[in-house]
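Subject: Handover of a structure

Dear colleague,

Please find below the structure that I am handing over to you.

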Amino acid sequence: MQRVKPILFTRGVPAEESFPSEEIAEAAAAVLSQHGPALLQYGPSTGLSLLRNWLAEWQGVEPAQVLTGNGSLQLLEFLCLVMVRAGDVVVTEAPTYDRTLTLLRRHGAEAVGVPLEADGPNLESFEEVVRRRSPRFVYLIPDFQNPSGATCSGAKRRRIASLAEELGLLLVEDAPYRPLRYRGQEEPTLFQLAPGRVLHMSSFSKLIGPGPRLGFMLGPAELLARLAKVAEDTYISPANLSHGIAYEWCRRGRLPAQIERLKALYAPRLDACLAALADHMPEALATRPDGGFFLSLTLPSGVDNAAVRAAAADRQLQLADGRAFFPSGGGERFLRLPYCALTPAEIEEGIRRLAATVHDLQKAEPAQATSN
């Protein structure tokens, strides 16, 4: 009997065929030849100066406003070590990135979720929460949000930035997917709207690959210096070797063409996901992202994520637990679909299996209700 190939709608990982391996190898040889001792030695905790200077020029800020680290999640950890104590409130979207929630709980923070709409956080709820709870910071993913795929509108961004200025809020803007816009109009970043009140985070995990472990943060120099002290006490300096290779790759002008290759690779996969949902699950309420790695859907009434995940596993379809993305309950009918690491054919087959699973559970529900 032919073995059914597993399909993983679980983690938001890049496609392996997207990695610019030959270009990275050339950059590695060149930068080691020119800067080998600096890359193989300890360095400043703020990060390799070659890379920080390049990032500063790219982002239009001063080098003192740039902090690099081994992935953006670790930079967020440093922020928690500086700012968060047990019982402190941190406001997030609901749903939001599950690893951020794990990190906040590790530090004893109370994560308070604001309902997420198709165009960003519900502003009435957002304003009520930040005024009443005085959070240590607010964590947002405005562009092609993980896990929903939603993008915050320009109007909502401007209101959130205005509230940050008025109330003295610190906004943490997580933006690793921002360069991967496949359609539609780009909105300003929160950092552009309120640079004194925002820490803007991004990484090269979705652009080069996760292997280099290269994240960066933009923000007020004084606050970044405090985070750099925590970094120094944690690892002395970040991964200079991989950061130097990434710098040389960027210095050679490889990034713009790589972003265009990624868009050409991933946009058809998003389209394939939407088309398969329209064909196999027209009743599903799905987001329609303009870019990024994810879309999400709300399962039909009476069908929950746990039951779908268990039944889908029998069809060799792996799904993530939707409840993990919600800070304080909910998500029983929420489902995230990462599509970038799958081919269009795998996406279509995965959605077909998902639809068959959901429809089987819907058929079984009335029978169970009758038997009870």
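Predicted model: local features only at pLDDT ≥ 70, side-chain atom pairs only at ≥ 80, totals over all residues.

Residues are numbered from 1 along each chain as its sequence is written, and side-chain values use heavy atoms, with hydrogens and water left out.

Helix H8

Helices (H or I, at least four residues) and strands (E, at least two) are DSSP runs, numbered from the N terminus. Helix H8 (residues 221-235) has 15 residues and spans 20 Å from its first C-alpha to its last, close to the 21 Å expected at 1.5 Å a residue; the expected span is 1.5 Å times one less than the number of residues. Buried residues of H8 are Leu223, Leu224, Leu227, Ala228, Val230, Ala231 and Tyr235. They lie on the same side of H8, because they cover an arc of only 160° around the axis, the arc being that of the directions from the helix axis to the C-beta atoms. Here buried means under 20% relative accessible area, exposed over 50%, and partly exposed in between (1.4 Å probe, protein chains only). The face of H8 turned away from the buried side carries the exposed residues Glu222 and Asp233. Just after H8, Ile236 takes a positive phi of about 70°.

Salt bridges

A salt bridge is a side-chain nitrogen of Lys or Arg within 4 Å of a carboxyl oxygen of Asp or Glu. By this rule the count comes to 27 salt bridges. One of them joins Asp119 and Lys156 (2.8 Å, N to O). This pair links distant parts of the chain, 37 residues apart: Asp119 is in the loop between strand S4 (110-117) and strand S5 (120-121), and Lys156 is in helix H6 (residues 154-167). Asp119 is partly exposed, at 33% relative accessible area, whereas Lys156 is buried, at 8%.

Lys263 pairs with Glu260, their closest N and O atoms being 3.6 Å apart. These two are separated by about one helical turn, because they are 3 residues apart in helix H10 (residues 254-280). Glu127, Arg131, Arg159 and Glu166 are linked in a network of salt bridges.

Surface patch

Leu32, Leu40 and Leu241 make a nonpolar surface patch of about 270 Å². Patches are made of residues with over 30% relative accessible area and no salt bridge: like charges are joined within 9 Å, nonpolar side chains (Val, Leu, Ile, Met, Phe, Trp, Tyr) within 5 Å. Accessible areas come from the Shrake-Rupley method with a 1.4 Å probe; for residues, only the protein chains shown count as cover.

Yours sincerely
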